[in-house]
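Student: I would like to learn how to read a model like this one. Can we take it feature by feature?

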Amino acid sequence: MKREQLNAYFYQQAVRFADNFADPEREEFLSETADRQAFEQELLAKHHVQNVSLKRPLVAGSLLLAAVLAAGSAFYWQTGRYQQVQQGEQALQSFLEQKAEESSEQRNDRYIINLQNQLRQNANNGDLWFELGQAYSLNNDFDAAMICYNNALRVLGRKAAVIGAMATAEYYRNKQMLSPQAKAWIDEALQLDPKESSSLLLLASDAFLNNNPQQAREYWLQVLDGENQAIDRREIIQSIKMAEQMSRALDK
């Protein structure tokens, strides 16, 4: 690498390093670095005119700007910023390790708290009420989920997805039995949207549970034909295969 390139390289490194300082200290550091680079460039010009060997100035210039970086590193250490960065990295690593050790229920609890905090800022967000209801359902807290779904309906109106979710919560709250209320909600949801996935999945699960695999398969196929990108298509395909195996076993 030519001496001019090496000088420019070390100068660029020093400029990037200066981003670690506060504004007043950064300006002072950059000013000193610029002065040193100007001095080095002046030396280069003199040696070029005098046709002096470049080998020795190359080493001198390298050491000069390397010394600037070393001095900056020492200053960075002394001001305590290096320790602050290290503490921040350690805190981040600890947080990531804690998240990795969390159970799905713990992560869901944290998600619930996050949604609650958002709703304190805007209680008229129907989508947030719906998401909170889904989160409570994952924790098997169906009573709390129902309250959230009802709040979502008040804000959003009679939406098929919300009504289908209410039917699902009602079904599992009643120990996987289709109550008249759950059936009424399923009918309403599918009337609003014939492809409403929560209602179809609920009907499929209930049919399979009650030894009607052929009917369950039909409902699962309807879910696959829908436009809901959030569903786990692979899991539904596996359920369809199970229903087909069960149908063959019952036919024997």
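Predicted model: local features only at pLDDT ≥ 70, side-chain atom pairs only at ≥ 80, totals over all residues.

Student: Start with the fold. How many helices and strands does the chain have?

Tutor: Count the secondary-structure elements, then read their order. This chain has twelve helices and zero strands. Along the sequence the pattern is α-α-α-α-α-α-α-α-α-α-α-α.

Student: What share of the residues in the chain is buried?

Tutor: Of the 252 residues, 34% are buried. The accessible surface is about 16,300 Å². Carbon and sulfur atoms account for 50% of that surface.

Student: And what do the contacts say about residues apart in sequence?

Tutor: Take the contacts between residues at least 6 apart in sequence. Of these, 51% join residues at least 24 apart.

Student: Now the largest pocket. What is its volume, and which residues lie nearest its centre?

Tutor: Read volume first, then lining. The volume is about 1,100 Å³. The lining has 32 residues. Gln134, Thr168, Ser197, Ser198 and Leu201 lie nearest the centre.

Student: Which helix gives the most to that lining?

Tutor: Helix 8 does, with six residues. Helix 6 (126-138), helix 7 (142-156), helix 8 (160-173), helix 10 and helix 12 (233-251) each supply at least two.

Student: How does the lining of the largest pocket divide by class?

Tutor: It has 15 nonpolar, ten polar and seven charged residues.

Student: On to the aromatics. How many aromatic pairs does a search of the whole structure find?

Tutor: It finds four. For each pair, read the centre distance, then the angle between the planes.

Student: What about phenylalanine 208 and tryptophan 220: what kind of aromatic pair do they form?

Tutor: A tilted one. The centres are 5.8 Å apart, with 50 degrees between the planes. Then ask where each ring sits. Phenylalanine 208 lies in helix 10 (residues 197-209) and tryptophan 220 in helix 11 (residues 213-225), so the pair ties together parts twelve residues apart in sequence. Phenylalanine 208 is partly exposed at 23% relative accessibility, while tryptophan 220 is buried at 8%.

Student: Which residues form one aromatic cluster?

Tutor: Phe142, Tyr171 and Tyr172 do.

Student: Last, single residues. Where does asparagine 108 lie, and what is it in contact with?

Tutor: Asparagine 108 lies in helix 5 (residues 104-121). Its relative accessible area is 9%, so asparagine 108 is buried; the cut-off is under 20%. Beyond neighbours within four places in sequence, asparagine 108 contacts Ala135, Leu138 and Asn139.

Student: And where is serine 179 found?

Tutor: Serine 179 is in the loop between helix 8 and helix 9 (180-192). At 14% relative accessibility, serine 179 counts as buried. Leaving aside neighbours within four places in sequence, serine 179 is in contact with Glu170 and Asn174.

Definitions and conventions:
Residues numbered from 1 in each chain as written. Heavy atoms only, no water. Phe/Tyr/Trp six-rings, centres within 6.5 Å; stacked < 30°, edge-to-face > 60°. Helix = DSSP H or I, 4+ residues; strand = E, 2+ residues; numbered from the N terminus. Buried < 20%, exposed > 50% of the residue type's maximum accessible area, 1.4 Å probe, protein only. 1 Å grid on protein atoms, 1.4 Å probe; cavity = no way out; pocket = protein on both sides within 12 Å on 5 of 7 lines; lining within 4 Å. Points joined across faces, edges and corners; volume = space filled by probe spheres on them. Nonpolar A, V, L, I, M, F, W, Y, C, P; charged D, E, K, R; others polar. Contact = heavy atoms within 4.5 Å. Areas by Shrake-Rupley, 256 points an atom, 1.4 Å probe, with all protein chains shown as cover.
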